[in-house]
Amino acid sequence: MKDFLWWRDGVIYQIYPRSFADSNGDGLGDLAGIISRLDYLADLGIDAIWLSPFYPTPDKDFGYDISNYVDVDPRFGTLADFDRLVAETHRRGIRLILDLVLNHTSDQHSWFLESRSSRDNPKRDWFIWRDQPNNWQASFGGQAWEYDPVTGQYYLHLFTKEQPDVNWRNPDVRKAQLDVFRFWMERGVDGFRLDVFNAYFKHPGLPDNPPKFGLRGFDRQRHIYDIDQPEMIPFLNEMRLLLDSYPERYAVGETYFATPQKTVSYCGPDKLHAAFSFDFTSMDLFYPVYPWNPCWVMEQVIKREQTFNAAGVWPTTVMSNHDLPRTASRYARGENDSQPFLAMSLLLTLRGTPFIYYGEEIGLRDIHLRHSEILDPPGKKYWPIYKGRDGCRSPMQWNDSTFAGFSTAKPWLPVHPNYIRRNVASQQADPDSLFNFTKKLLALRKEIPALRRGDFIPLETPPGMLAYLRQIEGQSVLVAMNFGGRNFKFTLPDGNWRVLLTTTKDSPGTLNPYEIQLLILE
Ligand code: NOJ
């Protein structure tokens, strides 16, 4: 086995391009802005970047509605900028992963414009048209079918009505989609994140989904015919063959309605390399709060360890992304970073590939918007029960200058007012900041194979703390975390444990409030 495989042993950093860095003063981040910050990322110590969509888009779902899969939206730059981005990331030893949103296009994509133009257009069957809707619901609210007066039929859209679902059962569509992979791999891209991949295929008869108890229309049915159809597997086989015809390419799937069991069923040597199981970001329907306590965390870890180990699939760890309230906003009180430190420790020391969401390394908090300021479609639809995802997409906070060093103009979403104190520059200068802690942990992962590849072994602890070993032959690392305000003494396994990293500089086996310790067996 190779000693360092970038997507398994490395750390992937997600950039939401419109919010990372604006190079041309239009208030929107862009590719040149990202290039200007690559040294920052190299210094932080990440191994790969996942870029959320930068393709031409009418922005009905902020880039996840794509009108051309093989170009760059002029607001973000040009293909030449993109090529420069590939070259500059590679020059720093960083890999680049693109977000492919192939379940649906924008309704402005030429494929859909042709498809909708007449019933006998050669691309009619590239989308899913019916005389009558079934009972399927769009996950952003309302029916999943939109009547199109031009040809008198309904088309299917599992998200907004401006995001028609493509018909993956049509062989020409499959071929065209595989060409998209090819196009970007030829430009040097190292891998892909596949948006809601397990929704590509729908049941051919489009039967009604059976009902179940739920709050929103979308949750009041069992999604057994609109997602997870068996035809997904042969397509993954075909895609993997294509990826494997290039060196060290990677595909990670965004599993829609993820569970560890479902996730592993899509991964393997002839399927996806990895898929998200979102073990730490789910909410209970009857208790709509993100759970967060050591006992719950350990339960999730053990569940996923069992499932992923049994299947021989490598897990991923996600605490935040562009669809969720940020980790710090979920678990921290005000500006206190104790909980974000704990979350970062888990992210970077559990077994699995960590995905850091931009700004997570400085504990960015969500912004709060008034109803009239909301941009995100589901936020507009469900306000005030659900306020959408704008909160976690605010501009990166680089320094304390106007607009946080993100742009010289008013950004597309407001900067969090805490930017004066919470920003990259101030945290770089503070040895005890979350930024510097993250950087140290990233360096330790590079140095210590047990932290990357070691088995996960849970340890017995008093309630309120969490401890585990990461172990390979000849190397053992112990990770201990105190989630609360009490002091703990715990019994270390036999041997001489040396401190690798601690947040309060205490001795091995004693944990101060909120302390995190990493110890290595000598
Ligand atoms: C999942 C993406 O993560 C989300 O941002 C997007 O809105 C939907 N898929 C639709 O593409």
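Glutamine 153 counts as buried because its relative accessibility is 10%, and buried means under 20%. This residue belongs to strand 6 (residues 153–156). Keep in mind as you look around that the model is predicted.

**Around glutamine 153**
- Aspartate 131 lies 22 residues from glutamine 153 in sequence, yet their C-alpha atoms are 5.0 Å apart in space.
- Leaving aside residues up to four places away in sequence, glutamine 153 touches Arg119, Arg124, Trp129, Arg130, Asp131, Glu146, Tyr147 and Asp148.

**Helix 6, from start to end**
- At the start of helix 6, asparagine 170 brings a side-chain oxygen to within 2.7 Å of the backbone nitrogen of aspartate 172.
- Helix 6 (residues 171–186) has 16 residues, so at 1.5 Å a residue it should span 22 Å, and its end C-alpha atoms agree, being 22 Å apart.
- After helix 6 comes glycine 188, with a positive phi near 105°.

- The buried residues of helix 6 include Val173, Leu178, Phe181 and Trp184.

- Strand 12 (residues 455–458) pairs with strand 13 (residues 465–472) in the antiparallel sense, over four bridges.
- Across this pairing, phenylalanine 456 stands opposite arginine 470 of strand 13.
- Six residues lie between strand 12 and strand 13 in the hairpin, and glycine 464 in the turn has a positive phi of about 105°.

Terms used
Residues are numbered from 1 along each chain as its sequence is written. This is a predicted model: local features need pLDDT of at least 70, side-chain atom pairs count only at pLDDT 80 or more; totals for chains, interfaces and linings use all residues. Side-chain values use heavy atoms; hydrogens and water are left out. Helices (H or I, at least four residues) and strands (E, at least two) are DSSP runs, numbered from the N terminus. The expected span of a helix is 1.5 Å times one less than its number of residues. Buried means under 20% relative accessible area, exposed over 50%, partly exposed in between (1.4 Å probe, protein chains only). A polar contact is a pair of N or O atoms within 3.5 Å; within protein, one must be able to donate a hydrogen and the other to accept it, and residues adjacent in sequence count only if both atoms are side-chain atoms. Two strands pair if DSSP finds at least two bridges between them. Contact means heavy atoms within 4.5 Å.
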